[in-house]
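Visitor: I have not seen this structure before. Please show it to me, and then I will ask about parts of it.

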Amino acid sequence: MKKIKKVVDERQELELYKIEHVCFWIVFWLLLGSIIVQSMFLSAPFSQWGFEWAVFMISCGGVMVGCYKKGQWDFYSKPTTKNYLIYSLVGSGAFAVIYAITTYMNHPYLKDNLLALGALTALIFAMLFALIFATLFVTGTLVKKRQKKLEDQFSDDDQ
Amino acid sequence: MKNIKLKVARAEKDISQEELAKRVGVTRQTIGMIETGKFNPSLQLCIAICKALGKTLNDLFWEDSDNEKN
């Protein structure tokens, strides 16, 4: 397939990448926010926010595949167990708080039974923590292996 | 870090930013930003600029350690 010729120089290209990068992450977080509000706060049916969820998952999948292929992890951290723990705690903690608030709002019988709400939230937190940690561990290990492979591919050792 | 050497070399050759930009295939803004230190060009572009001005990479882009903090 013939590539379309670019009419921008390297500086313009970099600036366009930066603009697209910022806009992508704004859309990403807004989409996630929209899905959370619709599904958890408004208790809307899946058919209402399912398409947004599919778009969101496609973008997540695209980022994961792209990062794996290039052996990249993150701008600000390295794939280490400590970072997996921090991200898992933050992610599952944030979701647990949202879950507790929305459950409290949407289920009147739990308003009188805060112990049950706390136990349910703790369970969700633990399950999500394990899920996020396992996902990060697996993807981090894959990325590290990929990095090693790419390093070997471009090493100066005589083949 | 401003690139005075590039500006001087361009002035010596009596070439405008617009003309240099045209020769190396970038925009005038890019040349301006390189001269004012707002953009770090790739090695490929550095070489193209050097060729256009008849200079070496050392002449235009090497900074002595004393000047690097300026």
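Visitor: Which helix supplies the largest share of the nonpolar patch?

Guide: This is a predicted model. The patch covers about 720 Å² of surface and includes Val37(A), Val97(A) and Leu114(A). Helix H1 (10–41) and helix H3 (81–106) of chain A each give at least two residues to the patch. The largest share, four residues, comes from H3(A).

Visitor: Is Leu114(A) buried or exposed?

Guide: Leu114(A) is one of the residues that make the nonpolar patch, and it lies in helix H5 (residues 114–153) of chain A. The cut-off for exposed is over 50% relative accessible area. Leu114(A) has 52%, so it is exposed.

Visitor: How are H2(B) and H3(B) oriented to each other?

Guide: Helix H2 (residues 17–24) and helix H3 (residues 28–35) of chain B pack with their axes 8 Å apart, at an angle of about 110 degrees. Among the residues that meet are Leu20(B) and Val24(B) in H2(B), and Ile31(B) and Gly32(B) in H3(B). Angles of 65 to 115 degrees count as roughly perpendicular. H2(B) and H3(B) are therefore roughly perpendicular.

Visitor: Is Gly25(B) buried or exposed?

Guide: Gly25(B) sits in the loop between H2 and H3 of chain B. Its relative accessibility is 55%, and the cut-off for exposed is over 50%. Gly25(B) therefore counts as exposed.

Visitor: How many Å apart in space are Gly25(B) and Leu45(B)?

Guide: In sequence, Gly25(B) and Leu45(B) are 20 residues apart. In space, taken from C-alpha to C-alpha, the distance between Gly25(B) and Leu45(B) is 9.0 Å.

Conventions. Residues numbered from 1 in each chain as written. Chains lettered and ligands numbered in written order. Predicted model: local features only at pLDDT ≥ 70, side-chain atom pairs only at ≥ 80, totals over all residues. Heavy atoms only, no water. Patch = residues over 30% accessible without salt bridge, like charges linked within 9 Å, V, L, I, M, F, W, Y side chains within 5 Å. Areas by Shrake-Rupley, 256 points an atom, 1.4 Å probe, with all protein chains shown as cover. Salt bridge = Lys/Arg side-chain N within 4 Å of Asp/Glu carboxyl O. Buried < 20%, exposed > 50% of the residue type's maximum accessible area, 1.4 Å probe, protein only. Axes fitted to C-alpha atoms, helices over the stretch in contact; angles between N-to-C directions. Parallel < 35°, antiparallel > 145°, perpendicular 65-115°, else oblique. Contact = heavy atoms within 4.5 Å.
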